[in-house]
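The structure comes first, then the notes on it.

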Amino acid sequence: MAFPAFFSGFEAVPLLVTMIMAVAAFVIILLSSLGLRARTVSTGISVAAFVISLALLLGKVLGYLGPILGPQGNSVFAQDWISYLFGVAILIVSILVALSSEDFLANIPNASSFFALLIFTTIGSVLLVFSTDLLMIFVAWELMSIPSYVLTGFKKKDQESNEAAVKYFLISAFASAVLLYGISLIYVITGTTNIYQILSPASSSASGITPIAVLALSFVIAGFGIKLSAVPFHMWIPDAYQGAPTVVSALLSAGTKGATFAPAARIFFVLFAGSAFQTDWSTAFAVLALLSMTVGNFAALTQRSVTRILAYSSIGHGGYILIGFAAGTAYGLTASFFHILNYATMQTCAFLAAALIIREVGKDDLLAFDGVGRRMRIAPIALTLSLLALGGFPPLNGFWSKVFLFYSAIGSPLNLGWLAIAGIINSFVSIAFYLRIVKHMYVDQPQSFSKLFESNGFRVALIIASLIIVGTGVYPGPVIQFASTTATSFFSQISSASHVLPAIP
Amino acid sequence: MIPLLDYIVLSAILFGIGVYGLVSKGNALRLFFAIEIVINAANINLVSFNRYISASTPQGQTFALFSIAIAAAEAAVGLAIIIVTFRLNKEVNVFKLRKLKS
């Protein structure tokens, strides 16, 4: 790869988005070193940077800033629909988290560095969804992960936050190491690191080393599985989400986890469709999906802590999203992408509302949520809405994407009807623990009737998230269209690239 | 010249040592070093393959340089987190950190 061609096809929008956010982060650090540590200033700068970036991405999606081209040559970045879809989801999560962090960090020192780290994680996530080169994927992956370790342990004097940070760091660093080993094996087999180049016939001459291909595939699945909290690799999730500051749990469960699905789609659908890797990874994904849904939803039934319930629910939803990947069709990917967009707002809204309530009542135990519905105005309503959406109640957005997911499993050529049935059973099980939280908030008697404080930052974030949840639920058309365009254009890339390949029996 | 297979075997052995270190002990520092060993196993793969297969295009070498730099950044953050843990708990064994429970 010639280095002048390194950035070819890298149009202005992703570059601008990255630069705007990076400048915002450095301005925040600079201001704080000059003594201007006000949280409101940092919040304003970071929210402004995120909103401008989101506007740029949406402008591209809606066609005001020129058409979205496919991946270009051997560029390390792709400008395709999938990167824009994930970029939009990530930025919505980051905006909501930044808005609510302003108040959440009231008693925590060094708030401005929190916002700088939040921006760096977002830059990493956005770069991750734009990358098409394994090197770039690895670099962006680490840029996304390393600040999030610090964010998890941000309450420095707090033992729980610290324990969460240690566990999250060790598991996540292991994930990166295993992924790197898998990538090195892919490089060994194909001699290149560009995902779309691997598809070209010249580089597929080294095919036939199947045992190494299987090893590479399993290492990459393990690396991604840890980040996506798929079930055999999920042990760290409840601890990390419970111990981390709750707004950071929202970022981890929706932002960084959601972003990881984009390189997963690229690597598994594009790279492992290549001739050296004619391996059956769909079955592995179907098993991961089944395990994640079942373990996530059934383990959530026995939990007493609201953050742990939401953590297990996040594991379960990772399983739902993997159904679409396992189905392996354009329809399945449409469903997955649609669910990722919805899941990003639902899960963020749930975690942020829970963060506000937990901060005010002082505990994350279910009993502490008793009667909160009478003591606060917006947070319980937002939490109820997002939990109902997560459980898949009809007029809300979670319902539509779940219907799409289960339907895609039934329609899959791989006979995944059992996966759809398991998903439907799991959906019903999950309603039990979602409604349990709602019952504690609205039916049970509170221990005191004093009103609890809701800050404006949290209110704005929760109202925006609730509006997106209800709006997408009532009028899902445009979002489905967005997801469907993304999936079909992604599939046309694969088929136009892979028809030149020699078929390997 | 040392054959390529020797490097692959070395890398595989290092990977095995790393994974063994990860599953056998609970000390956070040991786990951290085990992770570093796995990263270096991958680096050996990248560099040796680049040298033997396509020495004219330095993709593997570039990749190894990037991953060394990133591993250093990760070490800085990770060691900081482990030091804070030791100050708070006087303990870095992850199995003995049990504040978070279901």
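## Helix α16 of chain A

The expected span of a helix is 1.5 Å times one less than its number of residues. This is a predicted model. In chain A, helix α16 runs over residues 397–411, which makes 15 residues. From first C-alpha to last, α16 of chain A reaches 22 Å, close to the expected 21 Å.

Buried residues in α16(A) include Trp400(A), Phe404(A), Leu405(A) and Phe406(A). Also buried are Asn397(A), Gly398(A), Ser401(A), Lys402(A), Ser408(A) and Ala409(A). Among the elements of chain A that cover the buried residues of α16(A) are α12 (306–327), α13 (330–361), α15 (378–391), α17 (417–442) and α18 (456–474).

## Contact between chains A and B

Chain A puts 39 residues into the contact, and chain B puts in 38. On the chain A side, the elements giving two or more residues are α5 (134–152), α6 (159–190) and α9 (236–243). Of these, α6(A) gives the most, with 20 residues. The chain A side has 22 nonpolar, 10 polar and seven charged residues.

## Packing of α6(A) on α3(B)

Helix α3 of chain B (residues 59–89) packs with α6(A) at an angle of about 165°, the axes being 10 Å apart. Angles over 145 degrees count as roughly antiparallel, so α6(A) and α3(B) are roughly antiparallel to each other. Their crossing is left-handed.

Residues making this contact include Val166(A), Phe169(A) and Leu180(A) from α6(A), and Ile81(B), Ile82(B) and Glu74(B) from α3(B). By class, the residues of the α6(A)–α3(B) contact are 10 nonpolar, seven polar and one charged.

Definitions and conventions
Residues numbered from 1 in each chain as written. Chains lettered and ligands numbered in written order. Predicted model: local features only at pLDDT ≥ 70, side-chain atom pairs only at ≥ 80, totals over all residues. Helix = DSSP H or I, 4+ residues; strand = E, 2+ residues; numbered from the N terminus. Buried ≥ 20, exposed ≤ 12 C-beta atoms within 10 Å, placed from the backbone. Contact = placed C-beta atoms within 7 Å. Nonpolar A, V, L, I, M, F, W, Y, C, P; charged D, E, K, R; others polar. Axes fitted to C-alpha atoms, helices over the stretch in contact; angles between N-to-C directions. Parallel < 35°, antiparallel > 145°, perpendicular 65-115°, else oblique. Left-handed = near helix turned anticlockwise from the far one by under 90°.
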